[in-house]
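Visitor: I have a structure to look at and would like to learn how to read its features. Could you take me through some of them?
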Amino acid sequence: MIKFKLINHNYNYEIENIIKPFKNYVENIYIESILKNNLCIARIYKDGELQIFKEEKAKDNKKEIKQRLIRTVYHSLCEFTKIKMPWGFLTGIRPTKIVHDMLENNITYEDIKYHLLNFYDIREDKVELMIKVAKKEKIILDKNKDNEISIYIGIPFCPTRCLYCSFTSYSIKNKEILVKDYLNALEKELSFAKEYVKDKTIRSIYVGGGTPTSLNEKQIERLLDLINKNFNVEDIEEFTVEAGRPDTINRKKLELLKEYNVDRISINPQTMNDDTLIKIGRNHTTQDIIRTFYLARDIGHDSINMDLIVGLPGENKKDVENTINRIKELNPDSITVHTMAIKRASRLREALEEYKLTTANEIEEMISVTAKGAKDMGMEPYYLYRQKNMLGNFENVGYSKPSKESIYNIEIMEEKETILALGAGAITKVVDNKTNKIERIPNVKNVEEYVNRIDEMIDRKKKGLI
Ligand code: SF4
């Protein structure tokens, strides 16, 4: 157990987050984080005895004071445990944002690298990854036009709930009756969106969830028809639909996606090991994944992403090697490799004592296996993000073949243009590029509430959008 006390400041959330990854490595210590006239101090005590003492002087600036308070606690813990975290004391979920901000201030890549290594204490391979990803993203972001937005549409239904899931998602079986009402409400929101984008360009549309292909053929056709009627889809650079789970996909649905101009889909195995698929509550086999993938190719889908997770319960390095080898045989256009995160609203979190979690060292090896696998398939990392409570405190990385990078994934991560988000639980992000301010306009998460309060959701957008 690590106890801590803040003295003369209240960065409780930040200090707690930096301490959390060390909890597995140390017991019964007490930390003080003290601010005294811009002097940031961290002290570690064990059995009442002072063990480590660190102090750093911050400039008279709120951001730097906060960073140095976190940094002193982090360095004290590193010295005490002899363990360093791969991402140093960086706590945000968008590491590459730092690189873009520094580039905007005309700082060279060399100086950025130096700062990331020496101030944030990020490990060299992670710094290389950040720079590589930022360079890839920059090519896409530099093409953003004034008055351009992207659109997200959420379909919060899935066949069953995965063990680790924390998304807004309902079992389609229990909510089948609601789908019609949901699509009616979405139709209203889409009509509003049509008006809003009248004098704007749409760069990308992303239909996610949930699993949008949980809808039956008629419902999918209605959804795609609504999207095509309200937006000039043929002129949009990228139109993605998450086909997600193979148990929701068939030939007809894949044909409809093609017919209605969807040019990128995601078929997400997470693992290519049948035992694990059962364990995580997915209703399909690896054979279903393979069959669905080839079906999509046969119909002409030429940009297929596959999501994977490392650190799934019960998996070891060999299982991840098996997954990546089988993915290599399929040869998708992009993959996203997530590190398992124990999310608050997940079943996994509730039943944590039933599972043996993967250690940081094992996760590290698994990540190397997937990075090498992506390289073997001719892919490079193009987007990157981190989440709270990830095993080993690592990252999620998207890899793609040249020109198959997802524009939407980069836009949502880097927050350089407005994302208009429709559907239950969707959060619109209004980006003001003049002031660099970002305002969020959330829709209610609950499907029934969304349906009943759709006019209010539209009013929120009318008020908040610029
Ligand atoms: S498919 Fe995705 S959204 Fe659906 S339950 Fe699984 S993790 Fe959640």
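Visitor: Where is N147 found?

Guide: This is a predicted model. In it, N147 sits in the loop between α5 and β5 (148-155).

Visitor: What is the phi of N147 near?

Guide: Most residues other than glycine have a negative phi, and most peptide bonds are trans. N147 has a phi near 60°, a positive value in a residue other than glycine.

Visitor: Which peptide bond is cis?

Guide: The one from G209 to G210 is cis, and its omega is near 15°. G210 belongs to the loop between β8 (201-209) and α7. G210 is also one of the residues that surround the ligand.

Visitor: Which residues surround the ligand?

Guide: Along with G210, the list holds C158, T160, R161, C162, Y164, C165, F167, S169, T211, R245 and R282. Sorted by class, this shell has five nonpolar, four polar and three charged residues.

Visitor: How should I read a pair of helices, such as α6 and α7?

Guide: Two packed helices are described by the angle between their axes and the distance between the axes. For α6 (residues 172-196) and α7 (residues 217-230), the axes come within 10 Å and cross at roughly 5°. Angles under 35 degrees count as roughly parallel, so α6 is roughly parallel to α7.

Visitor: Which residues make that contact between α6 and α7?

Guide: On the α6 side they are E176, V179, K180, L183, N184, L186, E187, L190, S191 and K194. From α7 come Q219, R222, L223, L226, K229 and N230. The residues of this contact divide into six nonpolar, four polar and six charged.

Visitor: At what angle do α10 and α11 cross?

Guide: The axes of α10 (residues 286-299) and α11 (residues 317-330) cross at roughly 20° and come within 11 Å. That angle makes α10 roughly parallel to α11. The crossing in which α10 passes α11 is right-handed. T286, Q287, I290, F293 and Y294 of α10 meet R326, E329 and L330 of α11. By class, the contact has four nonpolar, two polar and two charged residues.

Visitor: How many salt bridges does the structure hold?

Guide: Side chains of opposite charge can pair when their charged atoms come close. The structure holds 39 salt bridges. In one, the side chains of D121 and K84 meet at 3.4 Å, N to O. This pair links distant parts of the chain, 37 residues apart. D121 lies in the loop between α4 (109-118) and α5 (124-141), and K84 in the loop between α2 (62-81) and α3 (95-104).

Conventions
Residues numbered from 1 in each chain as written. Predicted model: local features only at pLDDT ≥ 70, side-chain atom pairs only at ≥ 80, totals over all residues. Heavy atoms only, no water. Near = heavy atom within 4 Å. Nonpolar A, V, L, I, M, F, W, Y, C, P; charged D, E, K, R; others polar. Axes fitted to C-alpha atoms, helices over the stretch in contact; angles between N-to-C directions. Helix = DSSP H or I, 4+ residues; strand = E, 2+ residues; numbered from the N terminus. Parallel < 35°, antiparallel > 145°, perpendicular 65-115°, else oblique. Left-handed = near helix turned anticlockwise from the far one by under 90°. Contact = heavy atoms within 4.5 Å. Salt bridge = Lys/Arg side-chain N within 4 Å of Asp/Glu carboxyl O.
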